[in-house]
Amino acid sequence: MIPRVRILLFFRVVLAIVFLCAAVPKIISPAGFAEAVYRYQLAPYSTVNFTAIFLPWMELVSGLCLLFSRKFRPASALIILGLMIFFTVLVSVTLYRGIDISCGCFSVNPEAARIGWKKVAENAVLSLMAFFVFLDALRPAVTARSAL
Amino acid sequence: MPSREHIQDLLLHALLLAALSALLSVIAWAVHPARIPWVGDWAHHVETLALREGIPLVNTPEMRRIAAAGTHLILDARPLADFDAGHIPGAVPLPYDNLDAHYEQARLLMSPEMPVVAYCSGGSCDDSFLLCLHLRKQGFTNVILYAEGWTAWEASP
């Protein structure tokens with residue numbers, strides 16, 4: 001049986017890699033990501049660019065802290081959990097509204113793969129992983145035995 | 001159960017991470033070679049893109065004249081369910097979210113020089129703009145965009 005600590009370490013590494021890989025293309029191309037945010041037709045126009053500039057750095061900082069900072073791990077896990085729940089709801093609502101767009105998750109190319117219920121399932125799994133990582137990070141340091 | 005102090009620390013750390021992210025985003029914005037303004041003009045984004053691509057635009061009164069005259073083929077780029085719920089008189093459905101399934105049927109009605117006008121819901125919907133781009137790539141030279149779309153059509157007297 002795989003020890004719980006290893007499973008949680010695996011979850012943490014996966015989440016950190018996902019967030020780092022998601023952040024980099026958005027930071028490189030803020031205009032492209034702003035377009036992706038706009039295409040969801042949800043954010044008020046005045047907040048589209050702000051979101052496109054700020055959110056990728058939130059993803060990058062949270063991803064790095066989840067991986068490398070023991071002190072900030074609970075907070076970064078909380079932010080990642082919140083973001084994952086938000087993304088899951090966002091994609092679900094967008095699908096429900098019949099809006100057919102590319103995700104803007106790992107690529108800002110509007111011709112990239114379109115969102116679908118598979119993306120909702122992926123996000124739900126990542127949310128669940130983030131939930132367990134957050135719970136583990138909340139435990140007192142002495143008893144947590146969190147890897148690294 | 002985490003103590004009150006523990007939760008306070010957690011929230012403080014989350015705020016610190018948000019502040020650090022904000023600081024980094026401001027620094028990155030200041031030095032980014034392709035930076036965007038903090039507030040963009042997205043209200044007319046589809047129209048801006050269309051003009052940049054050289055696609056002519058029509059407003060609602062012009063669209064009403066076109067529909068009444070029957071001089072253009074009117075294409076509805078919205079999902080089929082929306083078309084069925086209501087559309088501009090004489091419009092033909094060509095849903096951009098399922099283009100492959102409907103394109104060949106719609107193409108039978110078109111010739112390369114025929115004036116074509118496309119619309120979708122309006123607002124931030126860009127399916128009609130993307131359809132215009134697609135049609136131009138297919139060799140249709142007289143493609144027009146009704147960017148205000150169904151919402152404006154329905155609202156106008």
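This is a predicted model: local features need pLDDT of at least 70, side-chain atom pairs count only at pLDDT 80 or more; totals for chains, interfaces and linings use all residues.

Colleague: OK. How many residues does the contact take from chain B and from chain A?
Modeller: Chain B gives 27 residues and chain A gives 28 residues.

Colleague: Which part of chain B gives the largest share?
Modeller: Helix 1 of chain B, residues 4-31. That helix supplies 12 residues of the side that touches chain A.

Colleague: And what is that side like by class?
Modeller: On chain B, 18 residues are nonpolar, 7 are polar and 2 are charged.

Colleague: New topic. In what sense do strand 3 and strand 4 of chain B pair?
Modeller: Parallel, over 4 bridges. Strand 3 covers residues 116-119. B:Val116 stands opposite B:Val143 in strand 4 of chain B.

Colleague: What unit do they make with helix 6 of chain B?
Modeller: A right-handed β-α-β unit. Helix 6 of chain B spans residues 127-137.

Colleague: Are the residues of strand 4 of chain B buried or exposed?
Modeller: Buried, on both faces. B:Val143 and B:Leu145 are on one side, B:Ile144 and B:Tyr146 on the other.

Colleague: Now the cores. How many residues has the largest nonpolar core?
Modeller: It has 49 residues. A:Leu15, A:Ala77 and A:Val133 are among those with the most contacts inside it. Helix 1 and helix 5 of chain A are among the elements giving two or more residues.

Colleague: What does A:Val133 contact, beyond its neighbours within four places in sequence?
Modeller: A:Leu8, A:Phe11, A:Arg12, A:Leu15 and A:Ala77.

Colleague: What does the second core include?
Modeller: That separate core has 29 residues, including B:Val46 and B:Trp150.

Key. Residues are numbered from 1 along each chain as its sequence is written. Chains are lettered from A and ligands numbered from 1 in the order in which they are written. Two residues are in contact if their C-beta atoms, placed from the backbone, lie within 7 Å. Ala, Val, Leu, Ile, Met, Phe, Trp, Tyr, Cys and Pro count as nonpolar, Asp, Glu, Lys and Arg as charged, and the others, Gly among them, as polar. A residue is buried if 20 or more other C-beta atoms lie within 10 Å of its own, exposed if 12 or fewer, and partly exposed in between; C-beta atoms are placed from the backbone. Two strands pair if DSSP finds at least two bridges between them. A crossover is right-handed if, with the strands pointing away from the viewer, the path from the first strand over the helix to the second runs clockwise. A nonpolar core is a set of buried Ala, Val, Leu, Ile, Met, Phe, Trp, Tyr and Cys residues joined through C-beta atoms within 7 Å.
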